[in-house]
Amino acid sequence: MNIDIIISADHIEENLLRDKVVVVIDMLRATSVITTAFMNGCKEVIPYLTVEEAREKSTEFKSGQCVLGGERKAVKIEGFDLSNSPLEYTEDVVKGKTVIMTTTNGTRTLTECSKAKRVLVGAMINGKAVAKKLIELGDDVVIVNAGTNGQFSMDDFICAGYMINKMLKMSSKLYLTDIAKTANYIYENNTGIESFIKNARHYGVMEDLNLMDDILYCMKKNITDIVPEYKDGHIIE
Ligand code: MLT
């Protein structure tokens, strides 16, 4: 199995995804939010690129059947039910409902990966389960980091390294590109991850917005075995 990494949404090329299993990572916070929504029993998540598309879609649902969540500049969007804090996606809020979401980088990255063979949703909180699923599937893997506004982000990169590190413990037949080896190397040397992530730009933005509880939650390892999958425009469990 070959393992590669794409460093941000701006670097996605269709030909790099074809016939590959893709894992989209936006650990701070979109893919942590999506995974949490499934942990708390949501029916599905529908990601949208724009605020307008998300709003429009929500009008198709009867009251109480969907929640509208997401962010711009890491802040809740006016008129939306929820922000992009995973801590808001509790069972009493999302159980049995469709979550309609738009975020700056995470939902953009997901929607741009639709040409891949399969698209899984990964974060620290389900990292080991993602690694296990990738080994079971046995196809070549491209880990797509959402990054921040098209740029490389340290948080998504170390999360990719964590998944690769787990996969290396499960199989001896993995062929890593240099960037995949580098991600693993960085994780191996920063297994606590916060000392590394706290240098990331988005960490600073979230810290300034008093979102430390979200950061601490998103850095937790393996709190669930759920691996959501993006298929035909919907994310399902
Ligand atoms: C995104 O998709 O850009 C992020 O999840 C931003 C955030 O932390 O809300």
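**View 1. Glu-78, out in the open.** Glu-78 is exposed, with 71% relative accessible area; exposed means over 50%, buried under 20% and partly exposed in between, using a 1.4 Å probe and protein chains only. Glu-78 sits in the loop between strand 5 (75-76) and helix 4 (91-94). Helices here are DSSP runs of H or I with at least four residues, strands are E runs of at least two, and both are numbered from the N terminus. From Glu-78 to His-234 it's 156 residues in sequence and 24 Å in space, C-alpha to C-alpha.

A quick word on the model: it's predicted, so local features need pLDDT of at least 70 and side-chain atom pairs count only at pLDDT 80 or more, while totals for chains, interfaces and linings use all residues. Numbering runs from 1 along each chain as its sequence is written, and side-chain values use heavy atoms, with hydrogens and water left out.

**View 2. Glu-229, tucked away.** Glu-229 belongs to strand 10 (residues 229-231). Its relative accessibility is 6%, so Glu-229 counts as buried. Its side chain makes a polar contact of 2.9 Å with the side chain of Arg-118. A polar contact is a pair of N or O atoms within 3.5 Å; within protein, one must be able to donate a hydrogen and the other to accept it, and residues adjacent in sequence count only if both atoms are side-chain atoms. Setting aside neighbours within four places in sequence, Glu-229 also has Lys-133, His-234 and Ile-236 among its contacts, contact being heavy atoms within 4.5 Å.

View 3. Among the residues around the ligand are Asp-26, Ala-30, Glu-71, Asn-105 and His-202, each with a heavy atom within 4 Å of it. A polar side-chain atom of Asp-26 is 2.8 Å from a ligand oxygen. For Ala-30, a backbone N or O atom lies 3.0 Å from an oxygen atom of the ligand. Glu-71 has a side-chain N or O atom 3.4 Å from a ligand oxygen. On its own the ligand exposes 280 Å², and the protein buries 99% of that; these areas are Shrake-Rupley values with a 1.4 Å probe.

View 4. The largest nonpolar core has 44 residues, and Ile-3, Met-27 and Ile-143 have the most contacts inside it. Such a core is a set of buried Ala, Val, Leu, Ile, Met, Phe, Trp, Tyr and Cys residues joined through side-chain atoms within 4.5 Å. Helix 7 (residues 154-170) supplies the largest share of this core, 8 residues. A second, separate core of 29 residues includes Val-22 and Tyr-230.
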